[in-house]
Amino acid sequence: MGKIVSFSNQKGGVGKTTSCVNIAAQIANKGKKVLMVDMDPQGNATSGLGLPKSKIKKTIYDVIIGKCDINDAIIKTRFKNLSVIPANIDLAGAELELHDLEEAGDLELDYIKVAIKSIANDYDYIFIDCPPSLGMLTVKALSVSDGVVIPMQCEFYSLEGMSQLFNTIKRIHQLFNPELRIVGILLTMYNGRLTLTNQVVAELKKYYEDKLFKVPISRTVRISEAPGYGEPICYHDPYGKGSLEYAAVAKELMTRI
């Protein structure tokens, strides 16, 4: 059965979607069959793979509310071995709808889990891009995952939110998913010349050194511009610094889970 990994951080703008897209593409490029599930209503992972959201007919929202089979929502991208279940703004209301359906008894609590598990044998890895919150969509994603990657910007606000995220992961582990574990913390937008960056890294190493990925992701123009071209960095700038860093992280992730 393929490994299911969520990318989660309740703080926005930390490189969560960028990391999910680029690690998925790197691993797919290594010959593994990969599915990326866009669970963020912003749909940035979808557009980051060059898919126009306005032309997509079936999304993860339709799967969540039971309007279509999960296999019917899967789109093969133009990138090697990489497929995606897209998202668009319809997903924004899903949390309220899910809550109402579950309250009424019309939707089983583990519906998403059953849907994703049903296709797990078809892929080596399934990566889920969670929304920047700790709401129901994130909880459901973590409930079906074998592990979670936490992308984190090198700043103190990100550091402050780490304990809250760890507590959420611990509760989901206890209540819904005893298989869930933290795969690693990925430092993003890294600039080793900044004193603040080094202070944050030193603080992280005090408590989470064994969780940190060895290679941080630097802040580069090429990584930032790649989504505008609808391409992962390994296609947009295959020999650039960002591509090489994500390749190293992808390789390490595959040894961790």
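This is a predicted model: local features need pLDDT of at least 70, side-chain atom pairs count only at pLDDT 80 or more; totals for chains, interfaces and linings use all residues.
Two strands count as paired when DSSP finds at least two bridges between them. Strand β6, residues 147–153, is joined to β7 by 7 bridges, and the two run parallel. One place to look is Val148, whose bridge partner in β7 is Ile182.

Stepping back, this pair belongs to an open sheet of 7 strands with mixed pairing, in the order β3-β4-β2-β5-β1-β6-β7. At the edges sit β3 (75–76) and β7 (181–188), each pairing on one side only. Helix α6, residues 136–144, packs on the sheet and touches β1 (3–7), β5 (125–129) and β6. The direction of α6 makes about 150° with that of β1. Helix α11 (residues 241–256) lies across β1, β5, β6 and β7, and runs at about 170° to β7.

Now turn to helix α1, which covers residues 16–29 and includes Ser19. After α1 comes Gly31, which has a positive phi near 100°.

Finally, zoom in on Ser19. Buried means under 20% relative accessible area, so Ser19, at 0%, is buried. Beyond its neighbours within four places in sequence, Ser19 is in contact with Phe7, Pro151, Leu186, Thr188 and Tyr246. With Tyr246 there is also a polar contact, side chain to side chain, at 2.9 Å.

Conventions:
Residues are numbered from 1 along each chain as its sequence is written. Side-chain values use heavy atoms; hydrogens and water are left out. Helices (H or I, at least four residues) and strands (E, at least two) are DSSP runs, numbered from the N terminus. Buried means under 20% relative accessible area, exposed over 50%, partly exposed in between (1.4 Å probe, protein chains only). A polar contact is a pair of N or O atoms within 3.5 Å; within protein, one must be able to donate a hydrogen and the other to accept it, and residues adjacent in sequence count only if both atoms are side-chain atoms. Contact means heavy atoms within 4.5 Å. Axes are lines fitted to C-alpha atoms, for helices over the stretch in contact, and angles run from 0 to 180 degrees between N-to-C directions.
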